[in-house]
Amino acid sequence: MAGGKKKNDYFWVSFSDLMTTLFFVMLVLFVLTVVYLKIEQAKTEATLDQYKKIVQLEKQFEPLQKDGDFFYLPDCKKYVASDLMGVEIFEPEKTQILPRYVGKTIAVGQKLESFLNGLEKENPDFSYLLVIEGNMANTYDHRISKNSDYGYKTSYERALAVYDLWLENGINFRKDNVEVLISGSGFNGLCREEKEENNKRFSIQIIPKVSNKI
């Protein structure tokens with residue numbers, strides 16, 4: 001009889017320990033779940049905040065897109081200087097800008113610098129990547145390979161010539177939160193003009209980044 005009572009007491013003690021352990025396990029899981037949800041909520045709010053900033057920033061690009069001095073390519077989000085489209089601003093086979101186009105090229109740089117200065121004041125949390133891309137026109141029968149080394153090297157050197165001209169005239173995009181990427185797509189690249197002659201150009205891309213740290 002006494003042995004049966006002892007077994008019964010052991011059962012309730014073990015049962016009580018088990019329930020206490022389960023309670024603490026559930027409590028720990030509840031706390032971990034709450035912490036996890038809080039972290040995910042913070043991430044979601046941060047992403048939403050960045051999205052709102054990007055949407056707001058896109059509206060601030062509208063003046064440049066509607067500016068008559070630039071031709072906007074919406075599919076690639078690139079800008080081309082309207083006055084220099086379809087114009088061979090370089091000596092044939094060379095990378096020096098022809099004297100008669102130097103003034104217009106400088107004016108384009110000054111306008112871009114002014115626009116970027118305005119963006120930086122409006123959005124101090126953003127930094128920007130400015131891509132200067134040299135493009136080249138192929139022959140009428142497209143006999144030059146799109147992946148020609150000559151095309152890539154020459155278009156890069158021409159983009160570099162534009163950048164150097166701007167720098168020589170006090171247009172320094174790197175002085176603030178702007179990184180500059182000088183590139184050449186040669187006879188390749190997206191958003192090329194159907195009229196091959198109009199690909200004698202350089203194009204500009206401005207890519208915002210949600211951070212003031214490059």
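**View 1. Burial in the predicted protein chain.** Of the 214 residues in the protein chain, 34% are buried. Buried means under 20% relative accessible area, exposed means over 50%, and partly exposed lies in between (1.4 Å probe, protein chains only). This is a predicted model: local features need pLDDT of at least 70, side-chain atom pairs count only at pLDDT 80 or more, and totals for chains, interfaces and linings use all residues. Residues are numbered from 1 along each chain as its sequence is written, and side-chain values use heavy atoms, without hydrogens and water.

**View 2. Helices and strands.** The protein chain holds four helices and five strands. Their order from the N terminus is α-α-β-β-α-β-α-β-β. Helices (H or I, at least four residues) and strands (E, at least two) are DSSP runs, numbered from the N terminus.

**View 3. Overall dimensions.** The C-alpha trace of the protein chain spans about 115 × 40 × 25 Å along its principal axes. Its radius of gyration is 31 Å, whereas a compact globule of 214 residues would have one near 17 Å. That radius is taken over C-alpha atoms; the globule rule is 2.2 Å times the number of residues to the power 0.38.

**View 4. Contacts along the chain.** Take contacts between residues at least 6 apart in sequence: 77% of them join residues at least 24 apart. A contact means heavy atoms within 4.5 Å.

**View 5. Glu 168.** Glu 168 sits in helix α4, which covers residues 149–168. Glu 168 is exposed, because its relative accessible area is 64%. Asp 75 lies 93 residues from Glu 168 in sequence, and 32 Å from it in space, C-alpha to C-alpha.
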